[in-house]
Amino acid sequence: MDNYTPQTAKLLTTGEPLLLRGLNTDDLSRLVQLFGEQLESLFDPAPDWRRIIDTSPAFGAAVIACGQSTPDERESAADLPIRTQVDALTLIHWMTFTEADFALPDDARRTVDQALRRDGNAPDEPRYLTVYRGCRRDVSLLLAAGHGSANRYPLATLWTEAALVRQRHARRLALDTAVMQACIGSIISKEGGKQLRSLLAQIRECE
């Protein structure tokens, strides 16, 4: 997935349509630096975007700019009509947390909860930092597994691919353990040798 291109969607407006995508880890890095704890609302299953725009218009504009792949054009996003901003933020949020295995709103909550549990949320650490830290680890894991564009995956895609890599690593560890035990058994007895050959044959068939 080195040539990965994120899925996009057009939001029709009274002017030019907006081409939007889900947020990725690079976007989170920017938003964490700029807005800190305001990022908490991003991980709600159904954020009240109108309220968020009213209380922190700069944050809403920054999210839209990231979703447009123009993170430095926050002022242009802030100039959009409020209704357009709300629709854009809703679509960006949906595309951030929607994957083949996920669907808003219930599964978005489950996905974030899984990330919190996996990463051992520290009692005094804000949720957004825990999730962000987990995303950085997932990106590192996927880069090592050959996913050269992992930092650009929408969060739901990132979590899905990272889970698949962890499953593959766990299966490989279990298989290596079984082969090692079979090798030891083959030294001890002829029956152990038969079991080793049978195991190796099964592995070849699976591959």
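The protein chain contains 9 helices and 2 strands, where helices (H or I, at least four residues) and strands (E, at least two) are DSSP runs numbered from the N terminus. This is a predicted model, in which local features need pLDDT of at least 70, side-chain atom pairs count only at pLDDT 80 or more, and totals for chains, interfaces and linings use all residues. Residues are numbered from 1 along each chain as its sequence is written, and side-chain values use heavy atoms, with hydrogens and water left out.

**Overall architecture**

- Along the sequence, the elements of the protein chain follow the order β-β-α-α-α-α-α-α-α-α-α.
- Buried residues make up 43% of the 207 residues of the protein chain; buried means under 20% relative accessible area, exposed over 50%, and partly exposed in between (1.4 Å probe, protein chains only).
- Of the contacts (heavy atoms within 4.5 Å) in the protein chain between residues at least 6 apart in sequence, 59% link residues at least 24 apart.

**The strand pair**

- Strands β1 (residues 8-11) and β2 (residues 18-21) run antiparallel and are joined by 4 bridges; two strands pair if DSSP finds at least two bridges between them.
- A hairpin of 6 residues connects β1 to β2.
- Within this pair, Leu11 is placed opposite Leu18 of β2.

**The nonpolar core**

- The largest nonpolar core has 44 residues, of which Leu28, Leu31, Leu39, Leu42 and Phe43 touch the most other members.
- Two or more residues of this core come from each of β2, α1 (25-35), α2 (49-55), α3 (57-67), α5 (82-96), α7 (127-144) and α8 (155-188).
- The greatest contribution to this core is that of α7, with 7 residues.
- A nonpolar core is defined here as a set of buried Ala, Val, Leu, Ile, Met, Phe, Trp, Tyr and Cys residues joined through side-chain atoms within 4.5 Å.

**Helix α5**

- Helix α5 has 15 residues and spans 21 Å from its first C-alpha to its last, close to the 21 Å expected at 1.5 Å a residue; the expected span is 1.5 Å times one less than the number of residues.
- The buried residues of α5 are Thr84, Gln85, Val86, Ala88, Leu89, Leu91, Ile92, His93, Met95 and Thr96.

**Packing of α1 against α7**

- Helices α1 and α7 pack at an angle of about 145°, and their axes lie 10 Å apart; axes are lines fitted to C-alpha atoms, for helices over the stretch in contact, and angles run from 0 to 180 degrees between N-to-C directions.
- The crossing of α1 and α7 is left-handed, meaning that the near helix is turned anticlockwise from the far one by less than a right angle.
- Thr25, Leu28, Ser29 and Val32 of α1 make the contact with Tyr128, Leu129, Tyr132, Cys135, Arg136 and Val139 of α7.
- Thr25, in helix α1, is buried because its relative accessible area is 2%.
- Leaving aside residues up to four places away in sequence, Thr25 touches Tyr132, Cys135, Arg136, Val139, Asn151, Tyr153, Leu155 and Leu158.

- Glu161 belongs to helix α8 and counts as buried, because its relative accessibility is 19%.
- The C-alpha atoms of Glu161 and Leu141 are 9.7 Å apart in space, and the two residues are 20 residues apart in sequence.
- Glu37 lies in the loop between α1 and α2 and counts as exposed, because its relative accessibility is 63%.
- Glu37 and Leu129 are 92 residues apart along the chain, with 8.3 Å between their C-alpha atoms.
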